[in-house]
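Reader: I have a structure open and would like to go through it piece by piece. Can we start with the sheets and then move on to the helices?

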Amino acid sequence: MASLTSRIADLQDKQLYQELNWTGTFEEYLEIVRERPEVTRTAWQRLYDMIVSHGFDEYTDSKKKVTRYAFFSDPFGHGADAIYGLDITLMKLVNVIKSAAYGFGTEKRVILLHGPVGSSKSTIVRLVKRGLEEYSKTPEGAIYTYDWNLDEPGNEEGWISSPLHQDPLQLIPLDMRKKAIRELGLGEKASRYPVPVKGELNPACRFRFQQLMARYKGDWSKVMEHVRVRRYVFSEQDRVGIGTFQPKDEKNQDSTELTGDINYRLIAEYGSDSDPRAFNFDGEFCVANRGIIEFVEMLKLDVAFLYDLLGATQEHKIKPKKFPQTDIDEVIIGHTNEAEYQRLLNNEFMEALRDRTVKIDVPYITKKSEEIKIYEKDFGATSERVRGIHVAPHTLEVAAMWAVMTRLEPPKKHDLSVLQKMKLYDGRSLPGYTQDNVKELRKEAEREGLEGISPRYIQDKISNALASEKGGRYINPFIVMNELESGLKHHSLITNEEDKARFNALLNDVKREYEDIVKNEVQRAISADEDAIGRLCANYIDNVKAYTQRERVKNRFTGQDEEPDERLMRSIEEKIDIPEGRKDDFRREIMNYIGALAIEGRQFDYKTNSRLHKALEAKLFDDQKDTIKLSTLVSNVVDRETQEKIDIVKKRLIDNYGYNEESATDVLNYVASIFARGEVKDRK
Ligand SMILES: Nc1ncnc2c1ncn2[C@@H]1O[C@H](COP(=O)(O)OP(=O)(O)O)[C@@H](O)[C@H]1O
Ligand SMILES: [Mg+2]
């Protein structure tokens, strides 16, 4: 039996470790570059290729062609961490990155993600950072740097890394580099991207390079014997290739955090504060070289940083204290909240930044089905299993519905409600509305998605509901809608009473919509008796056939010929609003359809005609509603026979609709109360 330690050790991928920590000579690196010039890619090229390496596809949405990058839908191959419903935004982002990769100008810009709180700006950047880390571990994403050894060659002690993890090619003096690259057979067209020739060594390496050059009287090849090339991986944890800058309070910002700082202990050793060996090139810009730097809340940055930021962006240079400008190559991406952006619109920081920035709006999701996915991450089926909670059907849906509705601009057309607009955006069809109308609706609403309720608010309220209700194990739409409503009163970001009133009104719309949804669902569960629907359908078709062919129908029970049963046919057709004047058309359509099938030798199946299916269900429900006497549930006196019927329905709700015992009972009671209300009304 292997020891526990060795069993764990077996999990380790030793070969991968060796690959990722490969070291070799400068000569060997030149061979690598010759074979795979892409190891020398710029930061933008690397980022673009990383995203594309996950694949992409194209689709059309409201007549707009959209490219969807798989990296953002399933970045790490296990379905988690995806960005939903923002394909167009992400496409814009990737286009900026692409244009920077090809040197069309955006490589000299800051990318500024801008949007309301909780629109996934931080999440997008976090994904990109992690994506780069993972990519650097793959063969396609391999990246190399070098270390120095100042002792005699062969002495393996005392390797000193390039503090900026620069490409070993930068050890070739700039005046020779272009020729050298051609010598390697890597002229302009040799690879997808030309091998970059720009960039001087950083001051610390330059100092060592010059020391060694002096030692060997200018013999560059001897100097290279002190160099070891190594593969390395990006790691935010280790501060390699991935930097993050987060402004602290305004008084406390210090530019050394970006560019590095004097090491006072080493000044004593080297005797001067301008000796590069006494300087830590470990500012965030240094750390992020060849990778990416994120500026959290970029507009909160102190103006004192402005020049560092602009230099890094425009010139690809930083200016560490006491040292000349130092070349860097990195993606600079920041984000800012809508409110902060508005506040600083006219501030000097913004003025200077504006034309060096590519602003990308990251709005809230405006498609219900996409919004739901955010909540499913935390409260969906997996989470239910793992945490042993139960989220009743439609709970996340009503929350998403409301969240999306608060973000939509009221339609200019008065006959369209916000609820209907939400449905149109979600891909549902409404009579009288085409894809062109939807496109127009999207166009006329300029700030849509930049305001409203954030997903974070919803996430918090669902969590609250879970923590407080029934021991935190079960929630349903009502519990959550109540939580959403009561939370509004104390919402710190919504101070405007008008908005609050509007949001409350929308919540009422959602409640009514939910009522419809569950009424339908319970109705379907009650009438889910396929045999009964089949019989009803056959009966209906017999009658329609006789009607359209002006014949009599044979009564299935008595065997007698009778006139077509107009009342039966109408009672079904009325369920789907077929007016008297249209009934002939409707019946003929159905008969044509059945006839066409018959020619192909196929049988008609009502399930392939969703309208008819719905009509039949509704009719069956009507017929059965009274026998089940749902409304007696409300009065709590239920006879045995009724109870048995109710139990069958409950079981269907549990087996086919995602309910559990508790939520099915609740929903049946609720629907019963709706019908009870209805009956009271009817009696009046
Ligand atoms: N479009 C989206 N797709 C996936 N998750 C989202 C989306 N929008 C918001 N979220 C989720 O909402 C929360 C807030 O996102 P975050 O990135 O912190 O927002 P921001 O930085 O814009 O304030 C996170 O849990 C995030 O996963
Ligand atoms: Mg954020």
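Reader: In what order do the strands of the open sheet with parallel pairing run?
Author: This is a predicted model. The order is β8-β11-β14-β4-β15, an open sheet of 5 strands.

Reader: Which are the edge strands there?
Author: β8 (242-245) and β15 (357-361), each of which pairs on one side only. On average, and ignoring direction, neighbouring strands of this sheet are turned by 20° against each other.

Reader: How many bridges join β11 to β14?
Author: There are 4 bridges between β11 (residues 292-295) and β14 (residues 331-337), and the two strands run parallel. In that region, glutamate 294 stands opposite isoleucine 333 in β14.

Reader: Which helix packs on that sheet, and what does the helix touch?
Author: Helix α14 (residues 306-315) packs on the sheet and touches β4 (110-115), β11 and β14. The direction of α14 makes about 130° with that of β14.

Reader: Now the open sheet of 4 strands. What is the pairing?
Author: Antiparallel, with the strands in the order β1-β7-β5-β6. The edges are taken by β1 (23-24) and β6 (159-161); each has a single partner strand, so one side of each has no neighbour in the sheet.

Reader: And what joins β5 to β7?
Author: Strand β5 (residues 143-149) is joined to strand β7 (residues 227-232) by 6 bridges, and the two run antiparallel. Tryptophan 148 stands opposite valine 227 in β7. Helix α9 (residues 203-215) packs on this sheet, touching β5 and β6, and its direction makes about 50° with that of β5.

Reader: On to helix pairs. At what angle do α24 and α30 pack?
Author: About 110°, with the axes of α24 (residues 497-526) and α30 (residues 640-657) 9 Å apart. The two helices are therefore roughly perpendicular to each other.

Reader: Which residues make the contact?
Author: From α24 they are Glu521, Arg524, Ala525 and Ile526, and from α30 they are Val649, Arg652, Leu653 and Tyr657. By class, the contact of α24 with α30 has 5 nonpolar, no polar and 3 charged residues.

Reader: What about α20 and α21, at what angle do they cross?
Author: The axes of α20 (residues 418-425) and α21 (residues 435-444) cross at roughly 115° and come within 10 Å. That makes α20 roughly perpendicular to α21. The crossing in which α20 passes α21 is left-handed.

Reader: Which residues are involved in that contact?
Author: Lys421, Leu424 and Tyr425 of α20 meet Val438, Leu441 and Arg442 of α21. The residues of this contact divide into 4 nonpolar, no polar and 2 charged.

Reader: Changing topic: where is glutamate 661 found?
Author: In helix α31 (residues 661-683). Leaving aside neighbours within four places in sequence, glutamate 661 is in contact with Lys650 and Ile654. From glutamate 661 to lysine 651 the C-alpha to C-alpha distance is 8.3 Å, and the two are 10 residues apart in sequence.

Reader: Last thing, confidence. What is the mean pLDDT of the protein?
Author: The mean is 88, and 94% of the residues reach 70 or more.

Reader: Where does pLDDT stay under 50?
Author: Over residues 680-684. For that stretch the model has 0 contacts beyond four places in sequence.

How values were computed. Residues are numbered from 1 along each chain as its sequence is written. Chains are lettered from A and ligands numbered from 1 in the order in which they are written. This is a predicted model: local features need pLDDT of at least 70, side-chain atom pairs count only at pLDDT 80 or more; totals for chains, interfaces and linings use all residues. Side-chain values use heavy atoms; hydrogens and water are left out. Axes are lines fitted to C-alpha atoms, for helices over the stretch in contact, and angles run from 0 to 180 degrees between N-to-C directions. Angles under 35 degrees count as roughly parallel, over 145 as roughly antiparallel, 65 to 115 as roughly perpendicular and the rest as oblique. A crossing is left-handed if the near helix is turned anticlockwise from the far one by less than a right angle, and right-handed if clockwise. Contact means heavy atoms within 4.5 Å. Ala, Val, Leu, Ile, Met, Phe, Trp, Tyr, Cys and Pro count as nonpolar, Asp, Glu, Lys and Arg as charged, and the others, Gly among them, as polar. pLDDT is the predictor's confidence in each residue, from 0 to 100. Two strands pair if DSSP finds at least two bridges between them.
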